[in-house]
Amino acid sequence: MTPLIEVRGLHFQYEDGTKALDGVDFTLDPGETVALFGANGSGKTTFVLHLNGILRGQGDITVCGMPLGKETLPAVRSKIGMVFQDSDEQLFMPTVLDDVAFGPLNLGSTPHQAIHLAEAALDQVGMQHASGKAPYHLSAGEKKRVALAGVLAMNPEILVLDEPNTFLDPPGQSNLVHLLKSLPQAKLIITHDTHFAAALATRAVFFEKGKLVAEGPVDEIVQRFNWRYSALPADLRYSAQRRF
Ligand SMILES: Nc1ncnc2c1ncn2[C@@H]1O[C@H](COP(=O)(O)OP(=O)(O)OP(=O)(O)O)[C@@H](O)[C@H]1O
Ligand SMILES: [Mg+2]
């Protein structure tokens with residue numbers, strides 16, 4: 001079985017000297033959904049930004065059998081759909097519909113097809129009602145949904161999602177789990193939400209200081225790194241109850 005993503009010995013340093021990746025090896029196989037855990041600043045976002053060539057470090061990256069390089073970049077970008085951690089980096093067209101249609105248009109769809117795909121994707125994320133709005137007027141959760149629609153409209157082979165459930169309301173989070181579960185693509189999902197990860201992922205990996213230091217079943221990784229939301233201390237719970 002050819003891996004969908006293969007990364008070997010990836011190193012990256014930002015211009016200010018921050019060593020963000022310090023020798024990462026990673027494989028994503030067809031059918032997998034991998035949760036990517038790790039502390040703030042451990043290198044998760046930096047890592048995924050390498051997968052479609054937004055950042056370039058030292059090391060080897062192969063996507064769907066193509067070594068990532070200048071010539072393969074457009075093809076690689078059509079295979080990997082990426083939802084960024086910051087939606088504002090993703091949404092730039094005058095209307096929501098234009099924004100979601102931009103990807104399919106870019107990949108060669110006719111305007112008619114692109115609009116059709118965009119409407120279907122907006123429907124999938126519950127945002128069709130906002131198709132005429134300016135993306136920068138949307139709420140944070142709405143922006144996340146539209147950014148996801150933009151990726152779904154391109155029907156990529158791999159989904160890379162950087163904290164996709166941040167800002168989503170509770171029903172929106174459940175809907176996202178159902179939606180992602182229903183999609184056939186392999187997925188790499190960065191999240192701090194261990195319940196969200198447990199509901200979706202077939203495996204978890206853990207980043208520490210620019211290194212991938214562990215991998216295994218989600219529960220095992222969560223336990224090993226004590227990676228659960230800590231309960232509020234009893235005295236704070238008490239005062240919270242009294243206030244409301
Ligand atoms: N543009 C940049 N210039 C300099 N340093 C950066 C830049 N972007 C990120 N870093 C640094 O690189 C390291 C890794 O950052 P990264 O954003 O990849 O972390 P992360 O694991 O995604 O964290 P979070 O959970 O907070 O999203 C951090 O030390 C961060 O301060
Ligand atoms: Mg990040």
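This is a predicted model: local features need pLDDT of at least 70, side-chain atom pairs count only at pLDDT 80 or more; totals for chains, interfaces and linings use all residues.
Me: Why is strand E8 described as largely enclosed by the rest of the structure?
Reply: A residue counts as buried if 20 or more other C-beta atoms lie within 10 Å of its own. Five of the five residues of E8 (residues 186–190) are buried, so the strand is largely enclosed.

Me: What makes both faces of E8 count as covered?
Reply: On one side Ala186, Leu188 and Ile190 are buried, and on the other Lys187 and Ile189 are buried as well.

Me: What joins strand E7 to E8, and in which sense do they run?
Reply: Five bridges link E7 (residues 158–162) to E8, and the strands run parallel. Val160 has Leu188 in E8 as its bridge partner. The chain passes from E7 through helix H6 (residues 170–182) to E8, a β-α-β crossover that is right-handed.

Me: What makes E2 and E5 edge strands?
Reply: Four strands form an open sheet in the order E2-E1-E4-E5, with antiparallel pairing. Strand E2 (19–28) and strand E5 (66–67) each pair on one side only, and they are the edge strands.

Me: How do you know that E1 pairs with E2?
Reply: The cut-off is at least two bridges. Strand E1 (residues 5–13) and E2 pair over seven bridges in the antiparallel sense, and Ile5 has Leu28 in E2 as its bridge partner.

Me: Which residues have the most contacts inside the largest nonpolar core?
Reply: They are Val100, Ala149 and Ala204, in a core of 68 residues. Helix H5 (residues 140–152) supplies the largest share of this core, six residues. In soluble globular proteins, nonpolar side chains tend to be buried together.

Me: What does Val100 touch, not counting residues up to four places away in sequence?
Reply: Contact requires C-beta atoms within 7 Å. By that test Val100 touches Ala118, Ala121, Leu122, Val146, Ala149, Gly150 and Ala153.

Me: Which residues come nearest to ligand 1, and what classes make up its shell?
Reply: Of the 13 residues around ligand 1, Tyr14, Asn40, Lys44, Thr45 and Thr46 come nearest. The shell has two nonpolar, nine polar and two charged residues. Helix H1 (residues 44–51) contributes the largest share of the shell, three residues.

Methods: Residues are numbered from 1 along each chain as its sequence is written. Chains are lettered from A and ligands numbered from 1 in the order in which they are written. A residue is buried if 20 or more other C-beta atoms lie within 10 Å of its own, exposed if 12 or fewer, and partly exposed in between; C-beta atoms are placed from the backbone. Helices (H or I, at least four residues) and strands (E, at least two) are DSSP runs, numbered from the N terminus. A crossover is right-handed if, with the strands pointing away from the viewer, the path from the first strand over the helix to the second runs clockwise. A residue is near a molecule or strand if its C-beta atom, placed from the backbone, lies within 6 Å of it. Ala, Val, Leu, Ile, Met, Phe, Trp, Tyr, Cys and Pro count as nonpolar, Asp, Glu, Lys and Arg as charged, and the others, Gly among them, as polar. A nonpolar core is a set of buried Ala, Val, Leu, Ile, Met, Phe, Trp, Tyr and Cys residues joined through C-beta atoms within 7 Å. Two residues are in contact if their C-beta atoms, placed from the backbone, lie within 7 Å.
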